[in-house]
Amino acid sequence: MTGTLIFDPLIPMMIFYVVAGLAAASLALAIWRRLPGWWLRGLAALALLAALANPAIQQEDREPLSDIVILVVDESASQRISTRPAQNAAAIANIEAETARQPNTELRTVTLGDGEGDAGTSLMTALSEAMAEEPQGRIAGLILLSDGRLHDLDRAPRLPAPLHTLLTGEPDDWDRRLVVSNAPAFAILGEQVTLTLRVEDQGAAPGDDSVPLSISIDGEAPMTVPVPIGQDIELPVELPRGGMNVLQFTIPDAPGELTNRNNAAVVQINGVRERLRVLLVSGEPHPGERTWRNLLKSDSSVDLVHFTILRPPEKQDGVPVNELSLIAFPTRELFLEKINDFDLIIFDRYRRRGILPSAYIDNIRQYVEQGGAVLVSSGPEYGSAESIYRSPLGQILPGAPTARVFEEPFTPQITDIGQRHPVTEGLDLLSPAPEGEEGPGWGRWFRLIDVLVPERATTVMSGLDDRPLLILNRIGEGRVSLMASDHSWLWDRGYEGGGPQLELLRRLAHWMMKEPELEEEALWVEPAGQTMRIIRRTLDLETGDVTVTHPDGAETTLTLEEVSPGRFETLWEAPEIGLYRLDDGEETAVIALGPAAPREFEQTIASGDLLDPLVTGTGGGIKLVSDGDISIRTVREGRPANGRGWIGITPRGAFQTADVSITPLLPAWAFLLLASLLMIGAWLREGRR
C-alpha cells in the first residue's frame with residue numbers, strides 16, 4: 001500500500017493561474033502598505049487556492065511480480081553430437097533447480113532447433129523472440145546453453161539484464177573435416193578439371209600427417225589416394241560421361257572425433273561435350289539425304305562429316321580420274337585411323353559395293369562393342385543381297401532383313417514399350433491427332449523394310465501391321481539402332497502435317513551418346529529446398545521401393561507411384577540438409593541437399609569467443625558445463641554478475657497495481673471555513689490598529 005498527494009483543479013488551469021496571480025498581487029500590495037494582517041490575508045488566499053486545486057490522497061494496492069530468467073537451449077545439429085545432448089539435459093536440470101531456489105523468480109525455457117536451409121544456428125534471433133514475449137521490466141537474467149557456434153551475432157538485441165553462457169563440449173574435443181573450396185559447375189568431356197580440397201583438424205587433434213581420401217563418381221567403385229592434413233590439394237578430374245556427374249569425396253572416421261558429418265563432400269559437375277562428332281555416310285543420293293544433313297547441321301554443337309557415294313567402283317565411263325571433281329572416299333583414314341574420334345556413325349541407305357572392305361566393317365563392329373554408336377537408316381537396299389547386314393556389322397545390328405519391302409502407306413506408331421522408353425516417350429503428345437481420331441497426328445510413310453528383331457533388342461516404334469520400325473539395342477559398351485524405313489524425310493517436308501523428326505533424331509542421338517536423361521533405367525532426384533522429387537525410370541511395369549539413407553545413417557523406405565508410362569515418382573520432405581543416398585536394389589543415386597557438410601559442422605569445437613564481448617558487456621560470464629553445476633545468486637544492478645562457480649541475476653522489483661483509492665485531503669466546506677476565519681482574523685487585527 002502506497003500514498004501519493006494528487007491535485008484535480010476545479011477550474012481550468014489557466015484560470016487557476018490567473019487567480020493565483022491576483023492573490024499574489026493582493027498579498028504584495030498588503031505587504032507594501034504594511035497592513036498588520038497581511039499574513040492572515042495570505043493564508044486565507046492560500047486556503048482558497050488549495051480548495052480550487054482540490055488536493056487528494058491517492059492510495060495504490062500493489063502486488064509484487066516475479067522476476068523472469070530466460071534460458072535459450074541450443075538443440076541445433078551441432079548440439080546433437082558426442083555427449084552434448086546429455087550435457088544439455090544436465091544443465092537444464094541444474095538451472096531449473098537453482099531458479100526454483102530463488103524467491104519470486106520464474107524460468108522461461110526456449111528451445112532452438114535447426115533453421116531452414118543452411119542458415120546455421122540463429123541463437124540471437126531466438127533470444128530476441130523470447131525477450132519480445134516478456135515485459136522488459138521483469139527480466140532479471142538471460143542464459144544461453146550452447147556450444148557458442150552461432151551465425152547471427154549481428155542480430156543481438158539490447159540486453160536489460162546480465163547475459164550468461166553455459167558452454168557445452170569437452171576440453172579435449174577434436175574434429176576432422178573435408179572441405180572442397182573450388183569446384184566448377186561445368187566441365188568439357190575429355191578434358192581435365194581441377195578441384196581444390198583440404199582436410200582440416202580442429203581442437204585437440206592427434207597430429208596425423210595424412211589421411212586416405214576416397215573418390216567416387218556416380219556411386220562407382222571408389223579410388224583412394226593419401227592426402228596431407230592442413231594443405232590445399234589440387235585434384236585433377238576427368239568426367240566419364242555427359243550430363244550431371246556426382247563426385248563424392250570421403251575421408252575415414254577417426255577414433256575420438258566429434259562427428260563424421262563433415263567427413264564427406266559432394267560435388268555435382270555437369271559434363272558437356274565440346275562438340276558431337278558425327279560421321280554420316282550416304283550410300284546414294286535420295287530425297288531424304290538432304291534432310292539428314294540439314295537436321296544434323298542445325299545443331300551448332302554437332303561437327304558433321306558427310307560423305308555421299310556418287311561414283312561406285314563398278315561405274316566405269318572412261319573419264320580420267322584427274323578430271324573428276326569428286327573426292328575419293330578416305331576409307332582407311334575414317335574407319336581405321338580416326339574411327340574413335342567419332343561419337344556417332346550413321347549409315348544412310350548404304351549398300352555394300354566393295355568400298356569398305358570386310359576388315360574395315362569389322363573394325364566398326366569393334367568400335368561399337370568398345371563404346372561407340374551406329375545408326376542405320378535403311379531403304380530397299382537393306383533387304384537386298386548388298387545389305388550392310390550381310391557383313392560383319394550384321395552381328396550387332398538389331399534387325400535381320402527378310403528381303404520383303406512393303407510399299408504401302410502407314411502411320412508410324414509408338415509401341416507399348418516405346419511409351420516407356422525415353423527416346424519415344426511422349427512423342428505422340430507433341431503432335432496430337434485431330435479430335436475424334438486415335439493415335440498421333442503424324443503424316444504417313446510409304447515404305448517399310450521387313451526385319452526380324454532379336455529378343456535382346458527393343459522395338460520402340462512400329463509401322464505397317466505393327467511391324468518393327470525403330471529398333472534399339474545395346475552391344476557391349478556401345479549402342480546400335482535401326483530405322484526400318486527411309487521415309488522419315490516426309491515428316492521434315494511437312495507431308496500431311498509432318499511429325500517430330502527433329503525431336504526424335506535428337507533423342508535418338510543423345511540416347512546413343514549415353515546422355516543420363518535418356519537412360520531407360522535410371523534413378524535420380526530433383527531437389528527443391530529440402531523437398532526431394534525422387535524419380536525412377538524403367539521399362540518394367542513396376543518398380544521396387546527406394547531406401548533413402550540419411551546423413552546420420554538412418555534409413556527411410558519410400559514407395560513410388562507411376563505418374564506416366566515407365567516413370568515413377570514420389571515427393572519426400574527431408575528432415576535435414578546433408579548427403580543422402582538412394583538405392584532400390586538395381587539403381588543408386590547420391591544427392592546433397594545444401595552442402596554435404598552443413599554450416600553447422602564447419603566449426604564443431606565449442607568456443608565462447610564470439611559471445612564473449614556480448615556477455616562481458618552485461619557483467620555476465622561464460623561457464624563450462626563440463627566443470628559441473630553452477631549456482632545462481634542475486635546481485636544489485638551494475639555489479640559484477642558472475643564468479644567462480646556462480647552466475648548472478650538482478651531482481652527487478654516489478655509490481656502490478658491491483659486497486660487505487662482516492663480520498664480528498666479536506667472537504668470543500670473545511671477549506672471555505674478556514675479561509676473565512678483567516679479573513680475575519682485579518683479584518684479584526686487591522687480594525688484594532
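These exercises walk through a predicted model, each with a worked solution.

Residue numbers start from 1 along each chain as its sequence is written. In this predicted model, local features need pLDDT of at least 70, side-chain atom pairs count only at pLDDT 80 or more, and totals for chains, interfaces and linings use all residues, while side-chain values use heavy atoms, with hydrogens and water left out.

**Exercise 1. Helix 10**

Solution. 
- Helices (H or I, at least four residues) and strands (E, at least two) are DSSP runs, numbered from the N terminus.

Now list the buried residues of helix 10, and find what follows the helix.

Solution. 
- Buried means under 20% relative accessible area, exposed over 50%, and partly exposed in between (1.4 Å probe, protein chains only).
- The buried residues in helix 10 are Gln501, Leu504, Leu505, Arg507, Leu508, Ala509, Trp511 and Met512.
- Lysine 514 follows helix 10, and its phi is positive, near 65°.

**Exercise 2. Cavities**

How many cavities of 30 Å³ or more does a search of the whole structure find, and what lines the largest cavity?

Solution. 
- On a 1 Å grid over the protein atoms alone, a cavity is a set of points where a 1.4 Å probe fits but cannot get out; lining residues have an atom within 4 Å of a point.
- Grid points are joined across faces, edges and corners, and a volume is the space filled by probe spheres set on the points.
- The search finds two cavities of 30 Å³ or more.
- The largest cavity holds about 80 Å³ of space.
- Its lining is Trp292, Trp445, Met483, Ser488, Trp491, Gln501, Leu504, Leu505 and Leu508.
- Helix 10 gives the largest share of this lining, four residues.

**Exercise 3. The largest pocket**

State the volume of the largest pocket, then trace its lining.

Solution. 
- A pocket is an open set of grid points with protein on both sides within 12 Å along at least five of seven lines.
- The largest pocket contains about 930 Å³ of space.
- It has 26 lining residues, and those closest to its centre are Asp218, Arg241, Met244, Pro516 and Leu523.
- Strand 13 (243-250), strand 25 (522-528) and strand 32 (588-593) each supply at least two lining residues.
- Strand 25 gives the most, with six residues.

**Exercise 4. Salt bridges**

Solution. 
- A salt bridge is a side-chain nitrogen of Lys or Arg within 4 Å of a carboxyl oxygen of Asp or Glu.
- The whole structure has 38 salt bridges.
- The side chains of glutamate 519 and arginine 474 meet at 3.3 Å, N to O.
- Glutamate 519 lies in the loop between helix 10 and strand 25, and arginine 474 lies in strand 23 (residues 468-475), so the pair ties together parts 45 residues apart in sequence.
- Glutamate 519 is buried, at 16% relative accessible area.
- Arginine 474 is partly exposed, at 38%.

Solution. 
- Glutamate 586 is exposed, with 58% relative accessible area.
- Arginine 536 is buried, at 2%.

Finally, name the residues that salt bridges with shared partners join into one network.

Solution. 
- The network contains Glu284, Arg349, Arg351, Glu381, Glu386, Glu407, Arg447 and Asp486.
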